[in-house]
Amino acid sequence: MRLLTHNMLSSNVKGVTNGFPLGIEVEKVVEKQVELSADFLINIFSKIEWKALVDASRAVGYAELPDQADASMLDSDEFLRKFHHALLELHLEEGALLCPETGRRFPVNKGIPNMLLHEDEV
Amino acid sequence: MIFSFLRASRFFYLSAENFSLPIVESGNVFNSKLLSTMREIKVKGASSICSTNFSDEETHAPQTEFGNDDQNSSLGVQFTPEIEKKYVHRVYDAIAPHFSSTRFAKWPKVAAFLSSLPLGSLVLDAGCGNGKYLGLNPGCFFIGCDISLPLIKICADRGHEVLVADAVNLPYRAGFGNAAISIAVLHHLSTESRRKKAIEELVRVVKKGGLVLITVWAVEQEDRALVNKWTPILEKYDEEWIGPGSPHERSSPSSFKLESIPETEENSLGHVRGFKESSAGRLRETTCQSEEDSAASDNARDVNNQQEYFVPWHLPYHRAEVSGASASALANGLAKKDDKKGAVVYNRYYHVFSEGELERLVSGMENAVVVDRFFDKSNWCIILEKTS
């Protein structure tokens, strides 16, 4: 699971008012390089909840992102590289995502989060 | 310093699996011997990662029902009916690798839609199956989800970003994607409320101005011989359906008592083989008429708006043994053997769509409009644009 995905995921357990962002329980993180697309980064930047991305990247061991960011920083190649790295190149392979209100664990195995709810949670 | 604390308490290592590109080195590289002793690391202060509410975020809209069929049901639209568990979820789990091997042809209309998206778009594929369309446009980033873990594993093995989720309750916050696609998915949802909810979810997760492409199997199949292989579901057992059913197929409010039909021989005239249900639920099924009558019976079915079917999937024996799920499926009566074809036969539940049905489902939506609609290769297709 990339941090891009984490930035989009929200707990949909019944009764939860705000299920975002999910906490991260780290067991295994893997780094996989992928080509940088400035178009994609510029497009996606406005959708990203920056604090959640910073916190998530620190949870998986990457602390290079600035605490705050605004669109003007997208002009900087160095910022783009760090943004790209945090967003797309760090994978949570094993661990779990945690609902911020209920603590419910959504397991992540082989990089795949399982967000399916049980019948009593729906 | 926080940074050195992080180095001590977290770890990551570089793995050669799944990629052929050179590894970027950084100061935090540990070798794998060290890491093999560090199996589980709990993040300290996990709760600190959970931020407070974001006031500018769209709140998840409460479930709205603009159909009537759920009013008598005590179960929510997100509750999976038995018929879908047995005849969609379990079937796809059992047939996943074989199913995936047959899903490779990229449908031109879907490819065209994806190729038309702006560079850098984020595309969400809900019900992505074996990931056939993930990455189709290299200028876009795709995230796929499906309810079947075996299918999702196939996607993950191919390097795609995927997760296991329910199309009726997408775990995505609102307005994130540029586009969403639902290719041959909604026809596996057994109630109108669930189909509507799935469409609402697709619209919810794209941003304003975002596009949603939906394709579903049509009642109006171009290959009539194919339809003759399907088993029409004429009556529904209440427990099988769990509450809300297609209202126009219920002739009385009382529950139906259904009987099992003894198996009949399949013959070259296209009779459909019957099947026996387990005691948990039995379904009445008809055999197709002979060829001479098929045209008349098809018309009769169309007139009666027959839209509920079981569609067979033949899983070759050698594939069935590999998956392992078939032994229990056979024992439970969920599947049957066809020795002549050397295959385990599963039935998949379908609600095929009639002309205009997709439009009708979206007509009540206030935040989306239809921007295109077409019929292609026996599928009804619609493109929506989110307006607010």
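In this predicted model, strand β8 of chain B, residues 308–316, is joined to β10(B) by nine bridges, and the two strands run antiparallel. At one point of this pairing, B:P316 stands opposite B:A343 in β10(B).

Strand β10(B) also pairs with β9(B), which covers residues 335–338. This pairing is antiparallel too and is made over four bridges. Here B:K336 stands opposite B:V345 of β10(B). Strands β9(B) and β10(B) form a hairpin with four residues between the strands. In this hairpin B:G342 takes a positive phi, near 65 degrees.

Buried here means under 20% relative accessible area. The side chains fall into two sets. B:A343, B:V345, B:N347, B:Y349 and B:H351 point one way from the strand, while B:V344, B:Y346, B:R348 and B:Y350 point the other way. Both sets are buried, including B:R348 and B:H351. B:A343 and B:V345, which stand opposite B:P316 and B:K336 respectively, point one way from β10(B).

The view can now be widened to the chain. Chain B has 388 residues, of which 53% count as buried. Its secondary structure comes to 12 helices and 12 strands. Among contacts in chain B with a separation of 6 or more, 68% are between residues 24 or more positions apart. The chain exposes about 18100 Å², and carbon and sulfur atoms supply 53% of that area.

Note on methods: Residues are numbered from 1 along each chain as its sequence is written. Chains are lettered from A and ligands numbered from 1 in the order in which they are written. This is a predicted model: local features need pLDDT of at least 70, side-chain atom pairs count only at pLDDT 80 or more; totals for chains, interfaces and linings use all residues. Side-chain values use heavy atoms; hydrogens and water are left out. Buried means under 20% relative accessible area, exposed over 50%, partly exposed in between (1.4 Å probe, protein chains only). Two strands pair if DSSP finds at least two bridges between them. Contact means heavy atoms within 4.5 Å. Accessible areas come from the Shrake-Rupley method with a 1.4 Å probe; for residues, only the protein chains shown count as cover.
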